[in-house]
Amino acid sequence: MSAIESTALITAITIALFAWNRLPVIVVALGAALALWAAGVVTLEQALAGFGDRAVMFIASLFIVSAALEKTGVTAWAGQLLIAKAGENRRARLLIIIMTAVGCLSALISGGGAVAALIPVVVMAAIRLRQSPSQLLMPLAFAAHAGSNLLLTGAPKNILVSEALEDAGLKGFAFAEFALVGLPLLAGTMAIILILGRRLLPEKTSARLPADFSRHAQTLVEHYGLSDGVFRLRVRATSPYVGRSPADLDIADSPRLALMAVQAGASGLPLRAPTIATGDYLLVKGEAEAVANLAAEKHLALRESGTEPDSGLFNRRSGLAEVVIPPRSALIGRIMFPGMITDSGDLVVLAVQRAGVDLEPGDTVQAGDTLLLEGSWEALDLNLEDPDVLVVNSPDLVRRQAVPMGAGAGVAVTVLAGLVILLATGIVPPAVAGLSAACLLILTGILTVEEAYRAINWTTVILVGAMMPLSVAMVQSGAAQRVADHLVGLTGDAGPTVFLAGLFVLTAGLGQIMSNTATTMLVIPIAMASANGMGVSPRPILMSLCIAGAASFLTPIATATNMMVMGPGGYSFTSYWKLGTPLMLWFFVMAVFYVPLVWRF
């Protein structure tokens with residue numbers, strides 16, 4: 001069997017397995033790379049070289065940047081801003097804001113990352129503004145497809161087509177050059193959805209909606225009966241409490257007040273120093289009037305009430321967590337009470353309840369009792385992994401939704417801005433810019449090394465790396481040239497515009513059943529060879545290919561973003577093609593007729 005025949009057979013089997021969708025995509029991709037080596041089409045070094053490719057490194061770094069934005073509350077801030085701007089029961093305005101937001105975010109990070117960050121925001125916005133989530137989530141995913149063409153960082157396919165030009169000795173696409181087609185593409189997508197969306201989208205609500213933690217602090221405070229009384233007071237330099245031991249404070253003399261804890265000002269942890277210093281905090285429970293009088297008398301700074309989501313109990317540095325005592329817990333039989341410090345010394349018990357009723361003083365804890373704990377986010381994450389308690393809601397997940405622009409948000413935004421500047425100016429290669437941004441986020445403590453590893457979508461990274469040998473094989477074996485010759489033979493006599501139409505149908509068709517990244521990698525060598533065969537510039541052909549690769553609207557398996565919204569939106573397999581068909585036609589017009597007007601043949 002010749003090299004061309006081997007490449008064609010392996011390519012056909014790979015596409016069929018992608019369409020079958022029964023095997024993990026990375027198994028299919030890795031199997032294709034190994035099969036090409038076994039058939040002698042590529043060397044072992046070529047089969048594995050994709051995992052060290054600069055495009056793969058850049059794509060991995062973007063996942064880390066996306067995770068940092070989510071962890072620091074930047075995406076939560078954007079979501080709250082979205083709800084505030086949408087207005088009450090204004091579907092068109094809400095859709096415009098959602099699609100603009102996801103389009104812009106997709107341009108900076110991956111579409112999957114943008115959609116994943118905004119799904120809970122959009123669902124809760126829909127519920128609060130009395131809209132059906134199914135009317136908003138598919139527009140969210142489809143606008144992300146369009147937004148991926150705004151900047152070089154929008155999708156792996158953008159990087160791949162730009163890299164293909166550089167490999168051919170030509171100048172790659174500039175960072176913002178994609179916006180020439182991305183802006184009208186996104187605008188047209190938004191217009192079609194606004195005009196046809198209500199009629200073509202179902203009115204459904206999935207039972208598997210994500211939890212809303214944006215008002216979690218208020219919910220906990222009200223449930224545990226703390227709404228009239230937990231305040232954090234900062235000790236001023238003029239306070240008589242400075243230099244005194246926490247045990248000597250006279251707050252307990254008032255029946256209307258109770259001292260729950262004294263916390264160090266620098267860390268927010270329970271005070272371990274023998275005396276109180278300026279800037280430390282008193283956690284006080286009591287009536288608002290009595291707390292205000294205490295603050296005035298003892299020169300304490302009265303901070304926000306604990307009933308607000310951004311209060312002293314729930315802020316960038318500290319938060320609340322609700323835990324349940326499981327059977328066989330070592331805590332069963334112990335006396336626990338509000339104000340006590342946990343054994344770790346890092347958390348404060350604010351409330352202990354059984355069946356929603358506070359325990360009486362001296363009662364011991366039993367299985368099924370609930371505790372409300374307060375402490376720094378780091379302490380909550382670290383100590384609540386203890387098997388003696390079951391966490392009701394993950395503190396990390398709560399913080400990401402409920403604390404907008406949290407700790408480290410400024411650093412994350414600064415790093416993102418620096419990344420965009422480096423990519424826009426081209427001072428360094430994209431891979432260097434991306435990896436530098438990822439390293440800075442780790443060095444500044446925004447993400448740990450383990451969190452950075454977990455942030456990377458390894459399926460995408462391995463898929464890109466493993467599919468690169470297939471592109472090499474198509475060029476090296478001559479298969480790409482032969483397909484290009486046939487495609488040019490069928491369409492070339494009618495001109496490059498007809499060729500673009502054929503290329504769009506091929507690419508978009510494959511993109512409905514397999515990853516658009518894999519599809520783009522598969523078609524790039526065909527596009528380059530066809531451009532050479534027709535004697536035209538490959539730039540418009542590759543940009544058209546990029547648009548076709550984003551036109552994944554007809555099936556839920558086409559992209560990860562389509563799959564993400566299927567469950568929360570309650571969509572069926574057939575829900576996609578109804579709205580996807582007019583969008584596919586719009587992308588076809590842009591790819592075939594608009595692109596040659598901007599990038600000449």
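This is a predicted model: local features need pLDDT of at least 70, side-chain atom pairs count only at pLDDT 80 or more; totals for chains, interfaces and linings use all residues.
Let's start with strand 6, residues 348-354. Of its 7 residues, 6 are buried, so the strand is largely enclosed by the rest of the structure. Who are its partners? Strand 8, residues 370-376, pairs with strand 6 in the antiparallel sense, over 5 bridges.

Strand 7 is residues 357-358. Strand 7 also pairs with strand 6, again antiparallel, and here there are 2 bridges. Find R354, and you will see V357 of strand 7 opposite. The two strands make a hairpin, with 2 residues between them. Look at the turn. A355 sits there with a positive phi of about 55°.

Now, D369. Where is D369? In the loop between strand 7 and strand 8. Is D369 buried or exposed? The relative accessible area is 1%. The cut-off for buried is under 20%, so D369 counts as buried.

What does the D369 side chain meet? First point, R354. The side chains of D369 and R354 are joined by a polar contact of 2.8 Å. A polar atom of the D369 side chain lies 2.8 Å from the backbone nitrogen of Q366. Then the wider surroundings. Set aside neighbours within four places in sequence, and D369 is in contact with V323, V324, I325, Q353, R354, L359 and T364.

On to helix 24, residues 575-598. It has 24 residues. From first C-alpha to last, helix 24 reaches 34 Å, close to the 34 Å expected at 1.5 Å a residue. There is a bend, though. Where? At T581, by about 40°. A proline, P582, follows within four residues. As for burial, helix 24 has a list of buried residues, including Y576, L579, G580, L583, F587, M590 and V595. P596 is buried as well.

Last item, for anyone thinking about the cysteines. How many disulfides? The count comes to 0. The test is a pair of cysteine sulfur atoms within 2.5 Å. Two cysteines to look at are C104 and C439. C104 is at 41% relative accessibility, so C104 counts as partly exposed. C439 is at 45%, so C439 is partly exposed too.

To recap: strand 6 pairs with strand 8 and with strand 7, D369 is buried, and helix 24 bends at T581.

Key: Residues are numbered from 1 along each chain as its sequence is written. Side-chain values use heavy atoms; hydrogens and water are left out. The expected span of a helix is 1.5 Å times one less than its number of residues. The bend at a residue is the angle between axes fitted to the seven residues ending there and the seven starting there. Buried means under 20% relative accessible area, exposed over 50%, partly exposed in between (1.4 Å probe, protein chains only). Two strands pair if DSSP finds at least two bridges between them. A polar contact is a pair of N or O atoms within 3.5 Å; within protein, one must be able to donate a hydrogen and the other to accept it, and residues adjacent in sequence count only if both atoms are side-chain atoms. Contact means heavy atoms within 4.5 Å.
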